[in-house]
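This report describes the fold, core and selected elements of one protein model. The sequence and structure come first, and the description follows.

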Amino acid sequence: MGDGTAAAEIDVALERHRTELTGYCYRMLGSSFEAEDAVQDTLVRAWRSHDRFEGRSSLRSWLYRIATNVCLDMLSAGNRRARPMDLTDATPLAQAALSPRPDHTWLEPVPDARVLPAVGDPAEAAVAKESVRLAFMAALQQLPPKQRAVLILREVLAWKASEVAELLDTSVASVNSALQRARATLAERSQVGAEGEVSDPLDEEQQKLLERYVKAFEGYDMAALTALLHEDAVMTMPPFDLWLRGPADITGFMSTIGASCAGSRLVPVRANGLPGFAHYKPDPDNGGFSPWAVQVLELSGGRITGFHCFLDTGRWFPLFGLPLQLEAEAGEGEEGA
């Protein structure tokens, strides 16, 4: 590999692409943890074969070629990650039961910082954010793996058809055909669980909506919360396959089965290009507050349309760099929401 300086230069060159590769692998796999594994595998393979990289393409396109092959190998088992509403019908509150499914069933949340590289072009940044939103990610998971790769490379990353054909060892005609089929599938799904209209950055109305949401949730004020929810709002709680539709069932669940969340605290996070919160609920045994969920919110027309609670705190809180305990602070309930 040459001397230590050359090795260090290769390390730096490869590492520069980590965030965008993680974003690509996350879109392909629907799992934040599998994406990180795939990128690590990609960088290790690139390191080992760097002396055979002859510069016929850019380092970036070579890395994407390796990453695509890693992802296609991982997807060969045929598992498609999903949201609860992709698998079952909404459950009436009277029949609500918490039945977990295995981790590999679910589309996973991801911190923006892990998958969205800093770019100077606002339009490019907006496309990147929209392409990791939960509804778009769920739609991607419906595509066969190669169509998924073509769609991401062409529509999200703006590669030319000829570049994608070279990466996949196929023809431009084949790439264009795959893109047409992928677009048709996404168009059919566009009415199911729309991802909302979240501005980037959030506009004043959306900021105020979130402030009202925090105040209503931390105060566990179901009347105030009802006023913020769209009439078709959905609530999901992976790893449970239960999902609820409409303010009455959502607030009914929160005031019965979820009643122990009264008095919770919310800490802002950015997940999947959407506003979110780390939800800590009161810890009667140890005092303070313990992790309960990472919430990801979808907004549209001045209302909350999606309220997605990812409950596996042992995985999500470390991923988001969140503390595993919040101390109770004197007077904290009087701070502005």
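Which residues have the most contacts inside the largest nonpolar core?

## Basis

The model is predicted; local features need pLDDT of at least 70 and side-chain atom pairs count only at pLDDT 80 or more, while totals for chains, interfaces and linings use all residues. Residues are numbered from 1 along each chain as its sequence is written, and side-chain values use heavy atoms, with hydrogens and water left out.

## Nonpolar core

Tyr 24, Cys 25, Met 28, Tyr 213, Met 235, Met 254 and Phe 307 have the most contacts inside the largest nonpolar core, which has 102 residues. Such a core is a set of buried Ala, Val, Leu, Ile, Met, Phe, Trp, Tyr and Cys residues joined through side-chain atoms within 4.5 Å; buried means under 20% relative accessible area, exposed over 50%, and partly exposed in between, with a 1.4 Å probe and protein chains only. Helix 4 (residues 59-75) gives the most to this core, with ten residues.

Leaving aside residues up to four places away in sequence, Cys 25 touches Gly 30, Ala 35, Ala 38, Val 39, Ala 67 and Cys 71. Contact here means heavy atoms within 4.5 Å.

## Overall fold

The protein contains 15 helices and six strands, which are DSSP runs (H or I, at least four residues, for helices; E, at least two, for strands) numbered from the N terminus. Its radius of gyration is 21 Å, close to the 20 Å that the globule rule gives for 337 residues, so the protein is as compact as a globular protein of that length. The radius is taken over C-alpha atoms, and the rule is 2.2 Å times the number of residues to the power 0.38.

Along the principal axes, the C-alpha atoms fill a box of roughly 65 × 45 × 40 Å. Of the 337 residues, 50% are buried. Among contacts between residues at least 6 apart in sequence, 66% join residues at least 24 apart.

## Helix 14

Helix 14 (residues 247-254) is largely enclosed by the rest of the structure, because six of its eight residues are buried. These are Pro 247, Ile 250, Thr 251, Gly 252, Phe 253 and Met 254. The buried residues of helix 14 pack against helix 12 (204-218), helix 13 (222-228), strand 1 (229-237), strand 2 (240-245) and strand 6 (303-310).

## Val 44

Val 44 lies in helix 3 (residues 32-48). With 30% relative accessibility, Val 44 counts as partly exposed. Its C-alpha atom is separated by 9.5 Å from that of Leu 14, 30 residues apart along the chain.
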